Amino acid sequence: MAGERRYIGRRIKRKEDLRLLTGRGLYVDDIHLPGMVYAAFLRSAYAHARIKSIDTSRAEKLPGVLGVFTGEYFKDKVAPLMTAWALTNADLKPIKWPVVAYEKTRFTGDIVAVVVAEDPYTAYDALEAIEVEYEPLPVVVDVEEAVKPGAPQIHDEAPGNVAFHWKFRGGRDFEEVAAEADLVVKKRLINQRLIPAAMEPRAAVASYNPGTEELTVWVTSQNPHVHRLIMAGSLGIPEHKLRVIAPDVGGGFGSKIQVYPGEVIVARLAMDLGRPVKWVETRRENFLGTIHGRDHVDYVEVAAKKTGEVLGVRVRTLANMGAYLGTAAPGVPTILFGLMLAGPYKIKSVDVEVKGVLTNTTPVDAYRGAGRPEATYILERMLDVLARRLGMDPADVRRVNMIEEAPYEAVTGLLYDSGKYREVFEKALKLAEYYRWREVQSEERKRGRLIGVGIASYIEMSGLAPSRIARATGFGLGLWESVLIRVHPTGKVSVYTGSHPHGQGEETSFAQIVADALGVSIDDVEVVHGDTEQTPFGMGTYGSRTTPVGGSAVYKAAVRIREKARKIAAALLEAREEDIEFSEGRFYVKGSPEKSVTFQDVALAAYTAEKLPPDLEPGLEAVVFYDPENFTFPYGTHVAVVEVDPATFKVKILKYLAVDDAGVIINPLLAEGQVHGGVVQGIAQALYEYAVYDESGNLLTAGFNDYMIPTALDVPDVESHFVETPAPHNPIGAKGIGETGTIAATPAVVNAVLDALAHLGVEHIDMPLTPYNIWKALKESGVLAKLGKGR
Amino acid sequence: MEGDGGGLIEVTMRVNGREVKARVPPRMLLVHFLRDVLGLTGTHVGCDTSNCGACTVIMNGKAVKSCTVYVFMADGADILTVEGLSEDGKLHPIQEAFWDNHGLQCGFCTPGMVMTLYDFLGRNPDPTEEEVREAIEGNLCRCTGYVNIVRSALDAAQRMKGGGGG
């Protein structure tokens, strides 16, 4: 990146923090409008049922209740929601999600009635007064059951409950490489269902002005423009009459990408009732009605040589999609999963088929990492199994297979952009003292201690995405990002980005990029986001795209402004444009630095407009829509050291170390924060979290009491290191850091735990590796006796 | 917010140093009173089961989850919320430490974390990392992995020992 670096690369503390630390943030639930009323949702009592009748009369009579609205009310007023990632060449079925169920419910999060009342307490009282008569239908929650003949049918449009069937083959034929292999390792791996559970529940407030026919919706969204586009379609109102504002958003992790029934319902009711309507989901609703993540059964075959060289990977996946297809859902277990199955390795054949299976469960969609953690888990787990079968050190198996240099065209057709894959790998092992831990492990094993070391190397396609590729896969729009940068007459700068950070910190990192490009103080740059009326159409924040894509747009716009400013400076200094140099916020004439004007002088001149060159318009702003020409490919290696308690089977992480190459790091303080949080979410999948349904489709883990989000006591300190190989395809060289931790940590920790148990002969245990699951696996293998426990 | 549940109860309390009088329904929770009646929206609601700690405030010197307290139970109490933590525009050392150590990302759990640590560091001015982790066990965070929250807390303890308030 050209230009001086006064801010980029520095640990700048965040501009957004003052308001958040003092209780002055503005989340959707903090919005209070005059005359506002409150909606509450009655959700289905059954996971699969016909609605025979709904009696709302008692609820409607409660004082303070404005009305009770059922599916019959909404079905002709609001179009059902459909996925925005209509996967091509996959026989995708047109699954429709009515915002309020009518005739039939398909999971326990389906809304069957909506109460609007003067206050929330009354609204919840009224929910209890609604009487619904259901005819329960047979239920299926398990993917392997759902695809069997005779399984309960969830949507008429999807016979056999298969919503799509996606196939991809890259490189040589798998059967052919398997014939050349010395061994083919087969496993059935479960990637369990997770619940994103952002700390801020989802919420929406809608207000309608019948005079201007304008509807304003505040909603917990990672992509307010996408919300506006889809909601306008569903509501049947012109897009320019809908303003969507996502103010401070309290975490998303993918679960606030989707357009859900809740926001559409309150929008419609605000129009119909003429009062602002607010809805805030309860935490139970968040578990039931907000998307879940992962949930694969993967049948995996890895063909390899005795040397450890992996020739090919064949995967057959049943991906549980839940009861409906969410906004981005079909792309997650396919494009973002199947294309990552070569990892950072020289694998010659990838053969993958994925069936997206409908069940009577909460819809599954993008959860932090979205497909890439599932692919990495398969590869990294299988490499460890392979190492064990070949009697090799897991590190050596990776050395045999790892790509030497980039750019590298993977067998999947992806062009890995830049990286020092082996160097980063060796650096991680060295910093983590891998071989010292191996010695500790063998010494301590003699004393009965169960210590294990786990490695995970990963690569991910990030910086989503070149629009032509996004469209080719069936994504509903391009995946560029936008920005409007406006320099005010005083030289202060507003940056209106189409990204929508919700904790990642781009109010600061984008300001760093702009301040460096324009030579102004970071204090003079404000980053504005989240309001469709202020920002150009933007695609939002997810998939680690905000810095590489949104940040590149910001940089290009800042450069465009600097170039216009240079022309103005030339006019002010009565010099030729090509003789004007720029440094530390001043334009000066080459060779005579005393003849200079400041960026602020130029900004004012752009608006006084009396000394502009004849071909130049007044004003100083730029709009850029940046479409990346390639993905970015962050990669790295993480090492976990764990100890399993031989009495309780509880896992303790003794050390966790990450070396990631996310290209140019704009702000190491914030990037480390992304790694920390991602790693802990990855550890959580490895050890703690899993969503459980009973046979009737009731979610048994429907809150923090039953679903184990780790507390501070359950997770370790995390050591984060970076190697910076600039991304060659974008002007700032950044690759994205939001998901690396989640991708790498899960297999690193699982590999470490199974390494601790290696001498006991247990090759694999499905996640999460809870004490119970470890005990059960050891018991079933008959090895508890080896630990001196006959239980 | 009205709600049903019987006649209104009159309550008086001090909130962030100011006397507050109100008539509230018996079933109204303190967190809703702070947020919806007094407009102190820095205190957040993150669950319905008293697990998450986002609603933590100081009541009579102790950290409490304000979703577990009825307003009438706080009658006569002295309440401190995150809005009352900084004095004369100067951040409390805990807030400063969170800022410097990137102890927050989305910010939703932050007020509850800060208030829990305000209570804890008042009782234990020189904690170990393990003690800090135990202290915030009742406050969930989904963004930071707790790494920088723990670092912020340890840093805050040092700052407070240096006479930076508390």
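Me: Is Phe287(A) buried or exposed?
Reply: The model is predicted, and the value is computed from it. Buried means under 20% relative accessible area. Phe287(A) has 0% relative accessibility, so Phe287(A) counts as buried.

Me: How many aromatic pairs are there over all chains?
Reply: Two rings pair if their centres lie within 6.5 Å. By this rule, the count over all chains comes to 22 aromatic pairs.

Me: Is Tyr707(A) buried or exposed?
Reply: The relative accessible area of Tyr707(A) is 1%. The cut-off is under 20%, so Tyr707(A) is buried.

Me: What kind of aromatic pair do Tyr421(A) and Tyr635(A) form?
Reply: Centre to centre, Tyr421(A) and Tyr635(A) are 4.4 Å apart, with 65 degrees between the planes. An angle over 60 degrees sets the class. The pair of Tyr421(A) and Tyr635(A) is edge-to-face.

Me: How many residues apart are Tyr421(A) and Tyr635(A)?
Reply: Tyr421(A) is in helix 13 (residues 421-431) of chain A, and Tyr635(A) is in strand 26 (residues 635-644) of chain A. The pair links distant parts of the chain, and the separation is 214 residues.

Me: Are Tyr421(A) and Tyr635(A) buried or exposed?
Reply: Tyr421(A) has a relative accessible area of 1%. Tyr635(A) has 2% relative accessibility. Both values are under 20%, so Tyr421(A) and Tyr635(A) are buried.

Me: Which ring does Lys13(A) lie over?
Reply: A charge sits over a ring only within 6 Å of the ring centre. Lys13(A) is at 4.3 Å from the ring centre, over the face of Trp99(B).

Me: At what distance from the ring centre does Arg202(A) lie over Tyr260(A)?
Reply: Arg202(A) lies over the face of Tyr260(A). The limit is 6 Å. For Arg202(A), the distance is 3.4 Å.

Me: Is Met73(B) buried, partly exposed or exposed?
Reply: Met73(B) makes a nonpolar surface patch of about 280 Å² with Tyr70(B) and Phe72(B). Met73(B) is found in the loop between strand 4 (62-65) and strand 5 (78-80) of chain B. At 43% relative accessibility, Met73(B) counts as partly exposed.

Me: What is omega at the peptide bond that joins Met767(A) and Pro768(A)?
Reply: Pro768(A) is found in the loop between helix 20 (740-756) and helix 21 (771-780) of chain A. The bond is cis. Its omega is about -5 degrees.

Me: Is Asn161(A) buried or exposed?
Reply: Asn161(A) lies in the loop between helix 5 (143-146) and strand 7 (162-171) of chain A. Its phi is near 65 degrees, a positive value in a residue other than glycine. At 0% relative accessibility, Asn161(A) counts as buried.

Me: Is Asp91(A) buried or exposed?
Reply: Asp91(A) has a positive phi, near 55 degrees. Its relative accessibility is 54%. The cut-off is over 50%, so Asp91(A) counts as exposed.

Conventions. Residues are numbered from 1 along each chain as its sequence is written. Chains are lettered from A and ligands numbered from 1 in the order in which they are written. This is a predicted model: local features need pLDDT of at least 70, side-chain atom pairs count only at pLDDT 80 or more; totals for chains, interfaces and linings use all residues. Side-chain values use heavy atoms; hydrogens and water are left out. Rings of Phe, Tyr and Trp (its six-membered ring) pair if their centres lie within 6.5 Å; planes under 30 degrees apart count as stacked, over 60 as edge-to-face and the rest as tilted. Buried means under 20% relative accessible area, exposed over 50%, partly exposed in between (1.4 Å probe, protein chains only). Helices (H or I, at least four residues) and strands (E, at least two) are DSSP runs, numbered from the N terminus. A charge sits over a ring if NZ of Lys or CZ of Arg is within 6 Å of the ring centre and within 35 degrees of the ring normal. Patches are made of residues with over 30% relative accessible area and no salt bridge: like charges are joined within 9 Å, nonpolar side chains (Val, Leu, Ile, Met, Phe, Trp, Tyr) within 5 Å. Accessible areas come from the Shrake-Rupley method with a 1.4 Å probe; for residues, only the protein chains shown count as cover. A salt bridge is a side-chain nitrogen of Lys or Arg within 4 Å of a carboxyl oxygen of Asp or Glu.
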